[in-house]
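Here is a short tour for anyone meeting this protein for the first time. Take a look at the sequence and the 3D view, then read on.

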Amino acid sequence: MSTKETISKSALPAGSVLNQGVWDYVDSFQGTFTDQEGKLRPADIGKLFFRSGPKWIDFLFAFRNKVVGFIGLKAAGNTGDKQAALARFQCEEGEQLG
């Protein structure tokens with residue numbers, strides 16, 4: 001599959017609940033992709049969505065999992081191998097990622 005993707009900062013949608021002035025800091029981004037071969041499946045779109053997040057989010061999730069583990073809460077599995085998890089992801093009903 002050959003896709004081209006772009007993530008860019010965008011204006012917050014006017015109808016968004018986040019646009020009600022109660023938040024101190026809000027970011028809005030949009031992503032576009034081009035299916036150059038016309039073979040994109042729903043699972044591929046899901047993978048593009050999860051792959052496009054900023055790297056610092058991965059760090060925060062790993063940190064969160066360590067902290068909640070210390071206080072006895074359930075933590076997600078190993079988040080360090082995101083690419084392997086995405087390769088196994090099929091976007092099936094009931095399937096979880098991360």
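Predicted model: local features only at pLDDT ≥ 70, side-chain atom pairs only at ≥ 80, totals over all residues.

## Order of the elements

Going along the sequence, the protein chain runs β-β-α-α-α. That gives three helices and two strands in the protein chain.

Residues are numbered from 1 along each chain as its sequence is written, and side-chain values use heavy atoms, with hydrogens and water left out.

## Inside and outside

How much of the protein chain is buried? Buried residues make up 11% of its 98 residues. Here buried means under 20% relative accessible area, exposed means over 50%, and partly exposed is in between (1.4 Å probe, protein chains only).

The protein chain has an accessible surface of about 8000 Å², and carbon and sulfur atoms own 58% of that. Such areas come from the Shrake-Rupley method with a 1.4 Å probe; for residues, only the protein chains shown count as cover. As for contacts (heavy atoms within 4.5 Å), take those in the protein chain with a separation of 6 or more: 52% of them join residues 24 or more positions apart.

## Two salt bridges

Side chains of opposite charge can pair when their charged atoms come close. A salt bridge needs a side-chain nitrogen of Lys or Arg within 4 Å of a carboxyl oxygen of Asp or Glu, and the count by this rule is two.

D27 sits in the loop between β1 (3-9) and β2 (29-35) and K9 in strand β1, so the pair ties together parts that are 18 residues apart in sequence. D27 is partly exposed at 33% relative accessibility, and K9 is exposed at 55%. In another salt bridge, R41 meets D44 at 3.2 Å, N to O. R41 is partly exposed at 42% relative accessibility, whereas D44 is buried at 8%.

## A nonpolar patch

Which residues form a nonpolar patch on the surface? They are V17, L18, V22, W23 and V26, with about 460 Å² of accessible area together. Patch residues have over 30% relative accessible area and no salt bridge; like charges are joined within 9 Å, and nonpolar side chains (Val, Leu, Ile, Met, Phe, Trp, Tyr) within 5 Å.

V26 lies in the loop between β1 and β2, and counts as partly exposed at 31% relative accessibility.

Conventions. Helix = DSSP H or I, 4+ residues; strand = E, 2+ residues; numbered from the N terminus.
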